Amino acid sequence: MILTVTPNPSLDRAYEVPALTRGAVVRATGDRMDPGGKGVNVSRAAAAAGVPTLAVLPLGGAPGALVAQLLDEQGIAVAPVAITGPTRSNISVAEPDGTLTKINAPGPELTAAESESLLAAVAAHSARADWIACCGSLPRGLAPSWYADLADRCHAAGARIALDTSGPALLAALAGRPDVVKPNAAELAEAVGRPLATVGDALKAADELRERGARAVLASLGADGQLLVDDSGTYFGHARVDVVRSDVGAGDSSLAGFLVAGGTGPRALAAAVAHGAAAVRLPGSLMPTPPDLVPDAVTVTARVPLDLPLTEPAALTEPAA
Ligand SMILES: Nc1ncnc2c1ncn2[C@@H]1O[C@H](COP(=O)(O)OP(=O)(O)O)[C@@H](O)[C@H]1O
Ligand SMILES: O=P(O)(O)OC[C@H]1O[C@](O)(COP(=O)(O)O)[C@@H](O)[C@@H]1O
């Protein structure tokens, strides 16, 4: 079973527009609403792959009720923790050329009691979990060490920890020795405090995260593919995608594919890449089902193209904590 923890879930609203013009009234040509947040998406993708999953998440207010309803409609098992503050809504705007603009709200502030209830909810189900995927930003009220504390408790219960977060929460979580971390290029750059221009730069950064505590690193590099560094070796995976509709949740879909395929080694990397590629071919944060996957389009190699320039070099937007 894949248990997911999403401390700051969201109601994801996705708009498709002909062009995004600042200061103008922009008429959307399509819109959709999905239950969101990185762990929620991992659960949705795991369920779509036919793997048992449980999503642990705090929910509050009318948006929280809507997230619960949408998850129920999708048949996702949920262990909700009731909170006072309203669940956030995140917005993405997709343009026909593939440009995506995302606005992520900060979300509610959790009280100390709500933070404890969330940890207790995870602990109550962790014995049943093969993997516990800890995903997304931490809401206000949770210390940056929250994921590290969670990892300590869950490791003691025998579960493996996958982690997908950013900034200080990622750095602090490394102390909890997560079994795999899945940064994207920007998160990796921020974690090591330097920009990344090539796949080789990303590999050096991934090695550094392992030195700091991560047992394995699955680095997602957008259109360029993914890099896996674990005890079995170092591998690079790529898939060709002709039309990108929305990359919202592509990383979450990738992580789910990786865990569903065992969570280690080149076969799991191939599944991660297939899931990421399938996700970007779908609108909004729709998660792929098996018929959406095109495994033949995926290549995985142990010969990492170190000199390959990243299509989107990762600049530093914030100083590393
Ligand atoms: N433009 C793209 N073309 C092809 N595949 C993509 C594209 N964007 C994302 N992907 C796939 O989805 C994965 C996750 O996307 P990425 O943007 O790296 O992560 P995140 O969603 O966490 O920011 C990538 O590693 C890749 O496999
Ligand atoms: O917790 P964060 O970092 O604010 O991210 C939350 C957002 O991330 C998502 O899980 C999508 O992930 P990506 O932005 O990595 O594609 C959305 O469902 C959600 O709105």
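I take helices and strands to be DSSP runs, numbered from the N terminus, and I count a residue as near a molecule if its C-beta atom, placed from the backbone, lies within 6 Å of it. I also remind myself that what I am reading is a predicted model.

**Entry: ligand 1**

I looked up the surroundings of ligand 1 next, and I found 18 residues there, with Ser220, Ala223, Ala250, Gly251 and Gly276 as the closest. The elements that give two or more residues to this shell are α8 (250-260) and α9 (265-280). The most comes from α9, which gives 4 residues. By type, I noted that the shell around ligand 1 divides into 9 nonpolar, 8 polar and 1 charged.

**Entry: helix α9**

Is α9 largely enclosed or largely open? I found that 13 of its 16 residues are buried, so the helix is largely enclosed by the rest of the structure.

**Entry: helix α3**

I turned to α3 (residues 112-125), a helix of 14 residues that reaches 21 Å from its first C-alpha to its last, close to the 20 Å expected at 1.5 Å a residue. I wrote down Glu114, Ser115, Leu118 and Val122 as its buried residues. Seen down the axis of α3, these buried residues fall within an arc of 105°, so they line one face of the helix. I recalled the general rule that an α-helix has 3.6 residues a turn, so residues three or four places apart point the same way. On the other side of α3, I found Ala112, Ala113, Glu116, Ala120 and Ala124 exposed. I then asked what covers the buried residues of α3, and the cover includes β1 (2-5), β4 (53-59), β5 (77-82), β8 (131-135) and α4 (146-156).

**Entry: the annotated domain**

In UniProt I looked up an unreviewed entry, which places the feature "domain: Carbohydrate kinase PfkB" at residues 20-285. Over residues 20-285 I read the chain as 39% helix and 23% strand, with the end C-alpha atoms 19 Å apart.

**Entry: Val17**

I located Val17 in the loop between β2 and β3 (30-36). For the next step I needed the cut-offs, by which a residue is buried with 20 or more other C-beta atoms within 10 Å of its own, exposed with 12 or fewer, and partly exposed in between. Because Val17 has 17 C-beta neighbours inside 10 Å, I counted this residue as partly exposed. Not counting residues up to four places away in sequence, Val17 touches Val26, Ala28, Thr29, Val93 and Glu95. I also compared Val17 with Ser115, and the two are 98 residues apart in sequence and 38 Å apart in space, C-alpha to C-alpha.

**Entry: Leu70**

I found Leu70 in helix α2 (residues 61-73), and with 18 C-beta neighbours inside 10 Å this residue counts as partly exposed. Leaving aside the neighbours within four places in sequence, I noted that Leu70 is in contact with Asp34 and Pro35.

**Entry: Arg177**

I placed Arg177 in the loop between α5 (167-173) and β10 (180-181). Its phi is near 50°, a positive value in a residue other than glycine. I set beside this the general rule that most residues other than glycine have a negative phi. With 14 C-beta neighbours inside 10 Å, Arg177 counts as partly exposed.

**Entry: Pro313**

Last, I looked up Pro313, which is found in strand β16 (residues 309-314). Which residues is Pro313 in contact with, leaving aside its neighbours within four places in sequence? I found Pro195, Leu196 and Ala197. Pro313 has 14 C-beta neighbours inside 10 Å, so I counted this residue, too, as partly exposed.

Terms used: Residues are numbered from 1 along each chain as its sequence is written. Chains are lettered from A and ligands numbered from 1 in the order in which they are written. This is a predicted model: local features need pLDDT of at least 70, side-chain atom pairs count only at pLDDT 80 or more; totals for chains, interfaces and linings use all residues. Ala, Val, Leu, Ile, Met, Phe, Trp, Tyr, Cys and Pro count as nonpolar, Asp, Glu, Lys and Arg as charged, and the others, Gly among them, as polar. UniProt positions are given in the numbering used here, feature names are shortened, and annotations may be inferred rather than shown by experiment. The expected span of a helix is 1.5 Å times one less than its number of residues. The arc is that of the directions from the helix axis to the C-beta atoms. Two residues are in contact if their C-beta atoms, placed from the backbone, lie within 7 Å.
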